[in-house]
Amino acid sequence: MNYNVELIKQDKYKPTFWSGGMATELITYPLNSDYASRNFLWRLGIAKIDILESTFSNLPNVSRNFMVIDGQITLDHENKYTKFLTAFNQDNFMGDWNTTTYGKATVFNLMTRENYHGELIHLDIKPKKQVKFKYETPLNKEIVAICFYAVNGKFETILNNNMFKVNPNDLLLIHYINSSFVHEFIFSSNSLDITNIIVSVIYRS
């Protein structure tokens, strides 16, 4: 199956700062959109929370998928619920909730707007092993992108008869996906340690 594939290296990311620490924008879509203008349809980013207590910005009409990469934090959604997260635990919530965090952590963010939605999946590859990632498209949904972010370790995959070598902090973007119901990818790692990958699946409904 042919895909539109782009390997985005970490030196292409946009660093920004927020009240709780430093953030890195991996990608926004459409490509000419930006976070500050709130005109994106979906966005991937990494945030480092460096202070013990912080309050998230108010983001009306934005859905957030939020996964811890390193550290541990507690999310307190005012008048809703509280959730404790460690590495590769996640929470999904709305951007206009009054949310306070307690603890220090590095987190992965998927933000979506309008009729775009998404999910985050943690995938790991054992040392010097291979893994198959299979995704079945939900009914009544149209996949628009699948992204693979290398948290640590390196992995390789063959797409469109080309070898892609993904290093730590790189993002492998597969977009303009056809309407096939099942998508399968094979990843291999020569690393002596476990390779952790965050998979972001973005779709329209």
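In the predicted model, P30 is situated in the loop that connects β3 (21-29) with β4 (42-49). The peptide bond between Y29 and P30 is cis, with omega at about -5°. Most peptide bonds are trans, and most residues other than glycine have a negative phi. Two non-glycine residues carry a positive phi: K128, at about 55°, and N169, at about 75°. K128 belongs to the loop between β12 and β13 (130-136), and its relative accessibility of 52% places K128 in the exposed class, for which the threshold is over 50%. N169 is located in the loop between β16 (162-166) and β17. With a relative accessibility of 26%, N169 is classed as partly exposed.

Strand β17 also takes part in an open sheet of 5 strands, arranged in the order β1-β17-β14-β19-β12 with antiparallel pairing. The edges of this sheet are formed by β1 (4-8) and β12 (116-125), each of which pairs on one side only. Neighbouring strands are turned against each other by 15° on average, direction ignored. Within the sheet, β14 (residues 142-152) and β17 (residues 171-175) run antiparallel and are joined by 5 bridges. F148 has L172 of β17 as its bridge partner.

A further open sheet comprises 4 strands in the order β5-β10-β7-β8, and here too the pairing is antiparallel. Because β5 (53-55) and β8 (81-85) stand at the edges with a single partner strand each, one side of each is left without a neighbour in the sheet. The twist from one strand to the next averages 20°. The partner of β5 is β10 (residues 99-102); the two strands run antiparallel and are connected by 3 bridges. T55 has T100 of β10 as its bridge partner.

The largest nonpolar core contains 24 residues, of which W42, L44, F108, Y149 and L171 touch the most other members. At least two residues of this core are supplied by each of β3, β4, β6 (62-71), β11, β12, β14, β17 and β19 (195-204). The greatest contribution comes from β14, which gives 5 residues. A second, separate core of 23 residues includes F133, I146, I197 and V199.

The surroundings of Y149 were examined next. When neighbours within four places in sequence are left aside, the contacts of Y149 include L26, I46 and I69, together with Y13 and F108. Also in contact with Y149 are N169, D170 and L171, as well as N196, I197 and I198. Among these contacts, F108 and L171 are, like Y149, listed with the core residues that touch the most other members. I197, also in contact with Y149, is a member of the second core. The partly exposed N169, with its positive phi, is likewise one of the contacts of Y149.

E114 occupies the loop between β11 (105-113) and β12. Its relative accessibility is 58%, and E114 therefore counts as exposed. Not counting residues up to four places away in sequence, E114 touches L41 and N61. E114 and T195 are 81 residues apart along the chain, and a distance of 33 Å separates their C-alpha atoms.

Key:
Residues are numbered from 1 along each chain as its sequence is written. This is a predicted model: local features need pLDDT of at least 70, side-chain atom pairs count only at pLDDT 80 or more; totals for chains, interfaces and linings use all residues. Side-chain values use heavy atoms; hydrogens and water are left out. Two strands pair if DSSP finds at least two bridges between them. Axes are lines fitted to C-alpha atoms, for helices over the stretch in contact, and angles run from 0 to 180 degrees between N-to-C directions. Buried means under 20% relative accessible area, exposed over 50%, partly exposed in between (1.4 Å probe, protein chains only). Contact means heavy atoms within 4.5 Å. A nonpolar core is a set of buried Ala, Val, Leu, Ile, Met, Phe, Trp, Tyr and Cys residues joined through side-chain atoms within 4.5 Å.
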